[in-house]
Amino acid sequence: MDTDPAGDFSELIRLAGEKAYNFAYRLAGNEPDARDLVQEAFVRAYAHFGAYDRHRPFETWLLRILHNIYLDGVRRYAHGHTVSLDAPAPAEETSWEEILPGGDGDLTAEMERRENDALLQKAMESVPLHYRTAVTLCDMEDLSYEQIGEVMSCPVGTVRSRIHQGRILIKAAYERLERKGAPR
Amino acid sequence: MSHEESPWLSSLLDGELPDAERSRIENHLRRCPDCARELLELRRVKALLSGAARRPLPAELIAAIEARVERRPSFFAALRRLAAAPLVWAPAAALTMAALLMTFWMRSLDRTPDEYVPLGPLLAAHSRYVAESLIPEDNLVAESYSAPDASDQGSN
Ligand SMILES: [Zn+2]
């Protein structure tokens, strides 16, 4: 064998890493957990590289591994807590005022962007996991319904309804949070 | 209010409808302001999500992954691991050191090596460690382990 698998793999890390990291961030909701998820997903992908079908996109396979690691973690956590994958997580009662440092209206554009992003993330986290995962993969990571079905191990019909319901739920949550806390 | 066409609106937005279904939904949209409005709202949500901030892959994360998947670790990476796991490495390191010392010691003597030290088992053991990736090959100074040749040591 002439090729260096570790070298090829470095190329794959650069190609699929950004997608994996952003997906992981939207799942976990914070950067340290997102980093751990991505690292674990790549290490497992490398260890089981023989099982990867090279005729299919690597990123789909990687995101599927990452998603399974995340679900595994959630289930383990849920074992000792009351958490359901299909029911909305109990929303943290953090108000807009608590997220905002000031609320006096003289925010820079960058701060505003960050706060909007935090608001969006919070809205997404209030939506059942399977719904927001499907929406994240579709709208943020640009996967086709077929690819999303592969990542989430479900038929395309299920993907279809999860995306539709997910968007409606995210919109409702986002507007609720905006109304609840908007200082203006 | 929600019509039976409503669940298909997201699929339409995503370009994920079969042709037949698509023309049916599009026809309905022309006659139904409710569904047209819902489609507009779904489009806004999709735009909000697809326009959300993206995080670049941190360089230290790439390095951390590469360090874990590297098949043949560099000498320095091996040294760091040696320092991190002294108990695992102790036998291999001791063996390596012993073999090195033995070789130099033999060379310092003007005698044929087979009279003194059976290097064979040591080298075999080393090869085994290398094969099992316990010691990276570049951990060793190659000439210390080359079989003593006639011109060098067997000349007397
Ligand atoms: Zn309608």
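# A guided tour of helix packing and a zinc site

H5(A) passes H8(A) in a right-handed crossing, a term that applies when the near helix is turned clockwise from the far one by less than a right angle, anticlockwise being left-handed. The model is predicted, so that local features need pLDDT of at least 70 and side-chain atom pairs count only at pLDDT 80 or more, while totals for chains, interfaces and linings use all residues. Residues are numbered from 1 along each chain as its sequence is written, chains are lettered from A and ligands numbered from 1 in the order in which they are written, and side-chain values use heavy atoms, without hydrogens and water.

**First stop: H5 and H8.** Select residues 109-125 of chain A for H5 and residues 156-181 of chain A for H8; helices are DSSP runs (H or I, at least four residues) numbered from the N terminus. Their axes lie 8 Å apart and pack at an angle of about 125 degrees, which makes H5(A) oblique to H8(A). Axes are lines fitted to C-alpha atoms over the stretch in contact, with angles from 0 to 180 degrees between N-to-C directions; under 35 degrees is roughly parallel, over 145 roughly antiparallel, 65 to 115 roughly perpendicular, and the rest oblique. In H5(A), Leu119(A) and Ala123(A) are among the residues that meet H8(A), where the partners include Ile170(A) and Leu177(A); contact means heavy atoms within 4.5 Å.

Return to H5(A) and select residues 129-140 of chain A, helix H6. These helices pack at about 140 degrees with axes 10 Å apart, and are therefore oblique to each other. Leu120(A), Met124(A) and Glu125(A) of H5(A) touch Arg132(A), Thr136(A) and Met140(A) of H6(A).

**Last stop: the zinc ion.** In chain B, select His3(B), His28(B), Cys32(B) and Cys35(B), which coordinate the zinc ion at 2.0 to 2.3 Å. Donors are N, O and S atoms within 2.8 Å of the metal (3.2 Å for Na, K and Ca). The 4 donor atoms subtend angles of 94 to 124 degrees, which makes the arrangement tetrahedral (four donors, all angles between 85 and 135 degrees).

Conventions:
Helix = DSSP H or I, 4+ residues; strand = E, 2+ residues; numbered from the N terminus. Tetrahedral: all angles 85-135°; square planar, octahedral: opposite > 155°, others 65-115°.
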